[in-house]
Amino acid sequence: MTGPRAPEGDDYSATVLGSHWFSGPPVAPEVVPDRVEGSVLRFGPGVTAAMPAPFPLVVATVDAPRRRRLAGLRRYALAAVVLAGVLAYLGWQRFGPAIEVRDVAVTTDPQGPSCDATADVVAVVGTNGRPGTLTYRWVRSDGTRSEELTERVPRGQREARLHLLWTFQGTGNYPARAELQLLSPGQRTAAVDFTYRCSP
């Protein structure tokens, strides 16, 4: 058995026929704002009151922390200046001006050594009290000279004593001369004359 056939005609439309099966709330047309100014939307004719921002605006101030930071820096700067001054003074004490020679004098017993005895010739070198090293040599009138010798002078010592021991043997008289040649710092010389006497 076949169902009733749909009427045939030019006015038949399946779409129109099924449209009464769908129902629901009417859809409101989308409203477009007149203009957009930042985060405030304005609608309709005329100017309406501005809507509040969706979140509060917070303005951060950094003046107080910056002042505290600057005060701390000034305090540390003063400590750094004091520390730098102390270090500069200690550096000047340790690495400041080098040793300087002020004067040189050579002496011995004016009587001269006795028979088969040793003359103790002493050179006294005056300094400025700075630490350093003296380089020198002894030259004798018999044509001999020493190697280059050194003497370490500690801080605060303003005088260095350098000794030459010259031994004589035999009889007779011998005029002798001992000379100190200071090589550094600076170059200076000093000498002393004496006579070795030994009667037979």
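This is a predicted model: local features need pLDDT of at least 70, side-chain atom pairs count only at pLDDT 80 or more; totals for chains, interfaces and linings use all residues.

Colleague: What makes R137 and E148 a salt bridge?

Modeller: The criterion is a side-chain nitrogen of Lys or Arg within 4 Å of a carboxyl oxygen of Asp or Glu. The N to O distance for R137 and E148 is 3.7 Å, so the pair qualifies under the 4 Å limit. R137 sits in strand β5 (residues 132-140) and E148 in the loop between β5 and β6 (149-153), 11 residues apart. Strands here are DSSP runs of E with at least two residues, helices are runs of H or I with at least four, and both are numbered from the N terminus.

Colleague: How many salt bridges does the structure hold?

Modeller: There are four. Among them is D142 with R140, whose closest N and O atoms are 2.7 Å apart. D142 is partly exposed at 36%, and R140 is partly exposed at 23%. Another is R177 with D193, at 3.1 Å. R177 belongs to strand β8 (residues 172-184) and D193 to strand β9 (residues 188-198), so this pair ties together parts that are 16 residues apart in sequence. R177 is partly exposed at 37%, whereas D193, at 52%, is exposed.

Colleague: How do you know which strands pair in the sheet with the order β3-β4-β7?

Modeller: Two strands pair if DSSP finds at least two bridges between them. Six bridges join β3 to β4 (residues 118-127), and β4 pairs with β7 over nine bridges, so both pairs meet the criterion. The pairing is antiparallel and the sheet is open. T107 stands opposite V122 in β4, and D120 stands opposite L165 in β7.

Colleague: What makes β3 and β7 edge strands?

Modeller: β3 (101-107) and β7 (159-167) each have a single partner strand, so one side of each is left without a neighbour in the sheet. As for β4, eight of its 10 residues are buried.

Colleague: Why is A117 called buried, and what does A117 contact?

Modeller: A117 has a relative accessible area of 17%, so A117 is buried. A117 lies in the loop between β3 and β4. Contact means heavy atoms within 4.5 Å. Leaving aside neighbours within four places in sequence, A117 is in contact with W166, T167 and F168.

Colleague: Is L78 buried or exposed?

Modeller: L78, in helix α2 (residues 63-95), has 57% relative accessibility, so L78 counts as exposed.

Terms used. Residues are numbered from 1 along each chain as its sequence is written. Side-chain values use heavy atoms; hydrogens and water are left out. Buried means under 20% relative accessible area, exposed over 50%, partly exposed in between (1.4 Å probe, protein chains only).
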